[in-house]
Amino acid sequence: MSVPSINSSRCASRLKLFLGSWNSNNALWGDVTGILVGTGVNKEDDLRYLKSVALEVWLFGYELPDTLMLFTKSELHVVASGKKAKLVEAVIHSVNSQADVQIIVHNKPKGEDGKVQVSELLAIVKQHSLKIGVIGKETGEGNLMTQASSMLKVDGVATVDVSSGVANAMCVKDDDEQRVMKKAATLTSKAMSWLVERVEEIVNDNQKISHAKLSEQCEDKILEPIKLGIQDLDGDDVDICYPPIIQSGGQYELKMSAESSEKKLHYGVVHLSVGARHMQYCANVGRTMMIDPSRQMEAVYAAAVAAQEAALATLVDGADLAAPYDAAKAVLLGLDPAGKGKELAAKLGRSIGSVIGLELRESSISLGPKFRGSAQRVTAGQCFNLQIALADLTNEEAKEGSKARKWAIMIADTVLISPAGAAPEVLTNSVKKGVKDIAYQINDVDEDDTNDAKKQSNIMTAATMSEGGVVLGAKTRYDLGGVSNEDARRRLQATLAEKKNRETHARLVGAQQAGINGGKGGSTSEFTSYKSISDLPVPRSDNYVIAVDRDAESILLPVQGNLVPYHITTIKSVSVTQDSGASFIRINFNSPTAPGAIAANATYPANIKFPDLCFLREISYRTSDGKHANYIVQEMRALKRMVTQRESEKAERATLVRQERLVLSHGRVHRLVGLWMLPTFGGRGGRKAGTLEAHTNGMRYVGAKADEQVDVIYSNIKFAFFQPAKREIKTLIHFHLHNPIMVGKKKTKDVQFFMEIMEAVQNLDVGRRSMYDPDEIEEEQRDRERERRIHKEFSGFCRKVQDIWEKDFPQLNIEFDSPYHDLAFDGVPFKSTVRILPTATCLVELTEFPPLVVSAEDIEVVNLERVGFHLKNFDMAIVFKDFTKDVHRIDQIPIQNLDNIKQWLATLDIKYYEGKANLNWKPLLRQIKENPDEWLESGGWGFLNNEID
């Protein structure tokens with residue numbers, strides 16, 4: 001840990017600024033000749049802003065508790081004790097030489113009240129007949145300052161409040177301070193962005209949460225910047241300016257001293273204010289979210305944004321402090337939204353902002369009519385909290401007495417004044433504030449809180465969707481009537497066509513060049529039967545017979561009077577037949593000229609290493625011992641099966657990406673018990689359910705057996721899905737991974753954990769059962785209760801895991817996605833008809849294994865085939881960006897799902913085509929890969945443009 005020290009150069013330069021302001025602004029400083037400033041004992045949980053503390057931090061870089069300072073025009077007397085006194089003493093000489101100010105430290109012994117040292121300072125005041133300036137509201141701060149104030153009063157020494165002068169000296173930020181301010185603004189902006197997304201999530205999921213709880217969650221994020229994805233800020237250097245303010249439900253107090261109440265968040269107008277500090281410097285941002293606003297409310301909000309922009313335009317170096325206020329008022333009067341211009345202008349209050357920095361709000365330098373014509377001007381290097389606050393607004397379309405009747409607007413930003421009249425820099429500009437960014441719509445909104453249950457089916461949509469968001473209407477061409485979105489989709493698809501052609505061409509050209517620069521070679525692995533002749537087993541008799549050596553993984557064949565070893569991997573197949581009382585053993589070997597072995601030849605190690613040698617293709621033996629012939633063939637087949645399986649497992653493991661080790665959590669571990677896993681571990685014996693545990697950096701599934709254990713590391717998760725049981729028999733959690741892992745002896749990129757809510761098969765041979773049968777009714781109730789319990793357990797576990805991801809792994813940007821059941825359609829992605837579900841980023845089928853997980857970002861184009869009015873079904877061909885992958889087909893999709901599928905594809909900006917015929921994709925893709933330039937010149941994907949009109 002570094003030893004604290006004062007930056008002498010910075011201290012000297014700021015002392016010069018302090019004295020310069022003192023000497024040149026007599027009106028602000030009240031013609032004083034001495035300034036007395038004191039601080040008390042530091043209080044950790046005290047969020048008060050004291051100018052005396054700000055002055056110490058500004059000069060010395062540290063807060064010096066229980067300290068008293070006397071400034072004169074040439075000296076600085078400091079009363080301090082212990083380490084604080086030594087800290088100041090270390091810069092006496094350097095400050096004296098650089099700022100021509102003599103620092104004199106009056107060391108207060110430990111355990112004393114400092115009365116002697118305070119008397120020494122007052123003796124200096126009397127000796128030089130100083131007119132003393134103090135910070136008016138802080139004369140009672142700390143024991144030393146209280147004693148000094150009492151002694152001055154007893155001696156009849158009058159004091160003058162110089163708070164405005166001290167503020168003026170510190171208000172212009174130097175380069176170091178501006179860097180700190182920008183970091184504080186970044187932290188504030190990130191926290192506000194998180195808070196906005198959190199409110200969106202709450203409304204989307206219809207969660208119930210109090211303002212105070214939400215404020216606590218936001219505060220936790222601020223105090224640990226790494227949770228917000230900020231790596232260069234230490235948690236010890238940050239703090240809140242005030243507890244984050246969340247207000248809704250018609251009760252708004254647009255002040256930084258407001259508190260978040262214990263009332264539940266109301267889905268109407270939500271006011272959010274966040275202030276964060278870095279190295280004691282403050283930044284502030286305020287936003288207003290409007291859920292289901294009326295057109296009048298949107299117009300009023302747009303006018304407020306315009307008013308802030310107008311004020312921002314006048315906030316330049318040298319401007320009058322009242323100019324921004326006048327500009328904002330003029331815009332409100334000029335726009336006159338809904339005829340309320342005068343009312344809104346009157347609600348602006350006394351100012352629309354003030355200087356911000358070491359203090360959250362410096363009222364002596366504010367942007368309002370009170371400061372019109374003031375000697376103080378807007379100055380380059382100052383930072384302002386510029387805010388438009390309009391309270392007590394009325395939503396005339398809402399019911400009288402409802403929570404939505406009263407609303408308010410708060411828009412606040414931290415602004416840095418640029419030099420030479422340039423436009424100011426908005427440090428919190430990353431948090432959007434336009435109408436389209438903060439206005440949301442909810443279907444079938446009911447203002448009365450008693451109807452909150454109806455909101456379960458509502459879907460929250462912002463005018464600008466969060467990345468990956470997809471919201472579609474419920475209309476299909478057969479289900480509901482109404483106007484189609486086909487024209488809008490056609491226009492979007494036309495714009496995507498040329499863009500997609502260029503992207504595909506660039507990708508193919510790049511792949512060709514990569515292939516030229518370095519191709520992939522074949523395998524050169526070798527298998528050895530015996531290292532020397534002496535290792536060969538000795539035959540038991542002079543009559544040589546075919547033998548199998550399991551230890552050497554070889555077979556010994558008699559050839560011209562000798563036993564010749566062949567490794568089992570050289571054998572392609574072996575068979576035995578009987579004819580005329582004799583048995584014939586036929587052994588086929590892997591060879592370059594074997595019929596149908598073209599693909600195998602390319603990877604056969606011996607063929608690659610020795611392309612010019614002759615290979616044995618086949619050998620046959622005749623024997624009269626049929627029993628021995630069958631035994632030998634069975635032994636060879638078993639050995640070949642064992643070696644092939646082992647080598648395939650080894651090859652699969654060789655391509656695995658090494659995962660980080662799972663870090664087990666200590667203390668409470670979130671668990672979900674009674675789960676089954678897919679893919680299974682294999683092996684014999686009855687299967688039993690296991691437990692899924694959430695640990696520090698990943699999850700662990702523990703099965704019933706000791707060797708049944710799978711770790712899923714969070715950083716390896718590409719997509720996470722939570723699918724409740726809706727028209728399915730199981731509730732599941734599914735992970736699609738970046739890199740495959742081994743489950744048992746199988747390599748997989750998909751891992752699923754599920755629990756069945758009912759039996760997949762029911763026995764109908766138990767006789768008739770009436771719908772009024774009490775036992776039948778009770779059984780249905782048990783099934784419904786089981787389904788609710790399972791859903792609650794799964795959703796609770798997902799929320800806890802999501803909290804871990806957001807808290808400790810924000811950079812992974814993963815979250816549980818749930819399929820859109822309203823957009824489900826039937827199709828055949830593999831061998832059977834299943835129910836396929838779109839999500840925000842993928843097309844999935846998770847109920848049956850193998851699962852279907854097609855990421856939208858991996859799709860090049862989609863071709864909808866066999867689309868015609870006379871057909872009841874059509875097919876979907878998905879072409880991937882990676883042309884080495886086969887085109888994936890989903891067949892037999894009912895035609896009534898066509899519009900929803902096209903709308904989903906258009907929402908994700910995926911180019912699709914329609915045609916009447918199925919295409920043979922393998923030769924098509926091969927032709928495109930071989931000559932991408934010719935393909936692009938001939939129109940690119942336009943050859944698919946056979947859309948049904």
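1. Sorted by class, the lining of the largest cavity comes to seven nonpolar, one polar and four charged residues. Here Ala, Val, Leu, Ile, Met, Phe, Trp, Tyr, Cys and Pro are nonpolar, Asp, Glu, Lys and Arg charged, and the others, Gly among them, polar. A cavity is a set of points on a 1 Å grid over the protein atoms alone where a 1.4 Å probe fits but cannot get out, and lining residues have an atom within 4 Å of a point.

2. Keep in mind that this is a predicted model, where local features need pLDDT of at least 70, side-chain atom pairs count only at pLDDT 80 or more, and totals for chains, interfaces and linings use all residues. Residues are numbered from 1 along each chain as its sequence is written, and side-chain values use heavy atoms, with hydrogens and water left out.

3. The largest cavity holds about 120 Å³, its volume being the space filled by probe spheres set on the points. Among its lining residues are Lys 173, Glu 177 and Tyr 281.

4. The second largest cavity has about 60 Å³ of space. Helix 11 (295-314) gives the largest share of its lining, three residues. Trp 407 is also one of the lining residues. Helices are DSSP runs (H or I, at least four residues), and strands likewise (E, at least two).

5. Now the sheet: three strands, order 18-19-20, open and antiparallel; strands pair if DSSP finds at least two bridges between them. Strand 18 (547-549) and strand 20 (562-567) are at the edges with a single partner strand each, so one side of each has no neighbour in the sheet. Ser 554 has His 567 in strand 20 as its bridge partner.

How values were computed:
1 Å grid on protein atoms, 1.4 Å probe; cavity = no way out; pocket = protein on both sides within 12 Å on 5 of 7 lines; lining within 4 Å.
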